[in-house]
Amino acid sequence: MRKLFARPGFPSLFAGVSTSMLGDSVMLLVLSMWVKTLTDSNAMAGLTFFFMVLPALGAPLLGVWVDRLPRKPILVWGNLASAAAVLPLVLVRNEGDVWIIWAVAFLYGVSFVVLPAAVNGLLKELLPEDLLVDANSGLATVKEGFRLFGPLVGAALFATTGGWLVAVVDAATFVAGAAFIATIRVAETPAPEPGRFREEVMAGLRFLVHDRVLRNVLIGFGASILVIGFFEASIYALLDAFDRAPTFAGVFVTVQGVGAVAGGLTASRVVRRLGEVGAAVAGLTTMAVATAVEAAAPTMGVVLAGAVLLGVAIPWTFVALTTLMQRRSPGHLIGRVSAAVDVLLSTPQAVSLALGSLLVSLLDYRTIFWIIAAVMALGAAQIAVTLRDHIRDDVARGGTPVEPVPLAEAELTSAPELL
């Protein structure tokens with residue numbers, strides 16, 4: 001980590017991204033909690049997350065502009081715009097104002113598309129390839145570490161003063177994040193001359209289709225995320241089953257954060273040992289096991305133990321995916337590749353959230369959790385089987401990354417390689 005923070009510009013980027021993450025950890029659970037409190041509806045609370053992932057469907061359009069514009073200004077102005085976007089929450093008073101919460105959730109979703117894509121691009125400008133996994137692991141550790149207290153702080157503020165103060169705190173962290181990033185000095189690589197807009201929009205997706213490793217990893221991830229959104233709608237049903245108030249969701253997420261800190265601290269070691277693909281398989285498999293534990297749990301104590309294990313798996317899984325995407329994507333395409341990944345993962349997540357809101361009214365939460373565990377296990381198996389040669393080679397050399405061969409333009413227009 002010392003070598004990482006010695007790189008010019010990275011400490012400011014880390015401080016800026018971490019500060020906005022703090023606001024996210026305080027706010028995000030409050031949005032659904034607020035809807036649940038106003039409406040007493042698990043389904044409507046679950047729909048809050050649906051509105052949050054909906055903007056990802058337009059991610060390819062946003063990704064084009066991320067690649068056309070310098071990433072540092074995008075991050076500065078994007079954080080300031082995010083601060084303005086959450087402030088309408090101070091106007092929420094009753095059930096009739098739920099649409100304001102959903103509108104803010106939608107704008108939050110836009111932020112979740114644009115800002116991470118710009119961060120990925122700026123990281124490639126600031127860091128050599130071998131330090132990307134350490135940067136991703138460090139950011140994941142901070143993000144998950146905030147789960148130890150962020151959701152509890154958000155729930156406490158919401159319970160004592162209302163959601164308006166949470167919105168103000170969140171806006172302040174976005175402004176502070178913009179200030180940190182504004183201090184970065186970086187000469188960014190100029191973007192290539194823009195081509196036909198339609199071709200630029202599709203460039204990220206076309207790259208993913210023709211990259212065998214990324215394509216198969218994303219198939220497994222997509223299958224898993226097709227059910228992972230069931231968690232959001234089912235968590236309140238689980239709390240109802242154990243006679244816990246909606247605000248206990250803050251305790252659940254905080255306990256999960258304990259495991260996530262451990263997962264973040266070990267993620268770079270796991271990725272370096274198993275390679276990105278092997279670490280992704282290990283993460284998805286562990287998530288499946290953790291979900292099965294929660295499905296079978298006879299007490300809330302066992303549920304929380306499963307939450308810890310789930311927390312460990314999340315950084316392993318997503319640090320592996322993020323590092324794989326950053327390494328294998330050309331710098332001039334990173335925004336569009338990030339955006340295409342958002343679409344490929346957020347589309348099944350949006351379907352999952354909508355379907356989860358329906359299933360929670362029809363099925364017991366335990367049945368839903370068993371479905372989640374089974375599909376996650378199948379997603380991990382799909383990656384392990386289709387990329388077994390890649391995993392075997394990575395493990396044989398200790399997971400040390402090998403620089404991918406860039407795809408030539410001719411390759412991008414040829415038929416994709418089969419599994």
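How many salt bridges does the count come to? The count comes to five salt bridges, a salt bridge being a side-chain nitrogen of Lys or Arg within 4 Å of a carboxyl oxygen of Asp or Glu. This is a predicted model, in which local features need pLDDT of at least 70 and side-chain atom pairs count only at pLDDT 80 or more, while totals for chains, interfaces and linings use all residues. Residues are numbered from 1 along each chain as its sequence is written, and side-chain values use heavy atoms, with hydrogens and water left out. Helices are DSSP runs (H or I, at least four residues), numbered from the N terminus.

**Salt bridges**

- Side chains of opposite charge can pair when their charged atoms come close.
- Glu-276 and Arg-327 meet through their side chains in a salt bridge of 2.6 Å, N to O.
- This pair links distant parts of the chain, with Glu-276 in helix α13 and Arg-327 in helix α14, 51 residues apart.
- Glu-276 and Arg-327 are both buried; buried means under 20% relative accessible area, exposed means over 50%, and partly exposed lies in between (1.4 Å probe, protein chains only).
- A salt bridge also joins the side chains of Asp-389 and Arg-212, at 3.3 Å from N to O.
- Here too the pair links distant parts of the chain: Asp-389 belongs to helix α17 and Arg-212 to helix α11, 177 residues apart.
- Asp-389 counts as partly exposed because its relative accessibility is 30%, whereas Arg-212 counts as buried at 18%.
- Asp-40 forms a salt bridge with Lys-36, and their closest N and O atoms are 3.7 Å apart.
- Asp-40 counts as exposed at 62% relative accessibility, while Lys-36 is buried with a relative accessible area of 6%.

**Helices with a buried side and an exposed side**

- An α-helix has 3.6 residues a turn, so residues three or four places apart point the same way.
- Helix α8 (residues 150-160) has buried residues at Gly-150, Pro-151, Gly-154, Ala-155, Leu-157 and Phe-158.
- These residues cover an arc of only 165° around the axis, which puts them on the same side of α8; the arc is that of the directions from the helix axis to the C-beta atoms.
- Ala-159 and Thr-160 are exposed on the other side of α8.
- The packing partners of the buried α8 residues are α2 (10-39), α9 (163-182) and α13 (249-296).
- Helix α17 (residues 388-396) has His-390, Ile-391 and Asp-394 buried.
- Seen down the axis of α17, these buried residues fall within an arc of 95°, so they line one face of the helix.
- Arg-388, Arg-392 and Ala-396 are exposed on the other side of α17.
- The buried residues of α17 pack against α11 (212-228), α13, α14 (300-328) and α16 (365-386).

**An enclosed helix**

- Helix α7 (residues 132-145) is largely enclosed by the rest of the structure, because 13 of its 14 residues are buried.
- At 1.5 Å a residue, the 14 residues of α7 should span 20 Å, and this agrees with the 20 Å between its end C-alpha atoms; the expected span is 1.5 Å times one less than the number of residues.

- Asn-79 is found in helix α5 (residues 71-86) and is buried, with a relative accessible area of 3%.
- Leaving aside neighbours within four places in sequence, Asn-79 is in contact (heavy atoms within 4.5 Å) with Ser-20, Leu-115, Phe-174, Ala-178 and Ile-181.
- Trp-102 is found in helix α6 (residues 98-126) and counts as buried at 17% relative accessibility.
- With neighbours within four places in sequence again left aside, Trp-102 is in contact with Val-35, Met-44, Leu-47, Thr-48 and Phe-51.
- Trp-102 and Ser-32 are 70 residues apart in sequence and 9.2 Å apart in space, C-alpha to C-alpha.

**A nonpolar surface patch**

- Leu-355, Leu-358, Leu-362, Leu-363 and Ile-371 make a nonpolar surface patch of about 410 Å².
- Patches are made of residues with over 30% relative accessible area and no salt bridge; like charges are joined within 9 Å, and nonpolar side chains (Val, Leu, Ile, Met, Phe, Trp, Tyr) within 5 Å.
- Accessible areas come from the Shrake-Rupley method with a 1.4 Å probe, and for residues only the protein chains shown count as cover.
- Helix α15 (residues 334-362) gives the most to the nonpolar patch, with three residues.
- Leu-358 lies in helix α15 and counts as partly exposed at 48% relative accessibility.

Technical notes. Helices (H or I, at least four residues) and strands (E, at least two) are DSSP runs, numbered from the N terminus.
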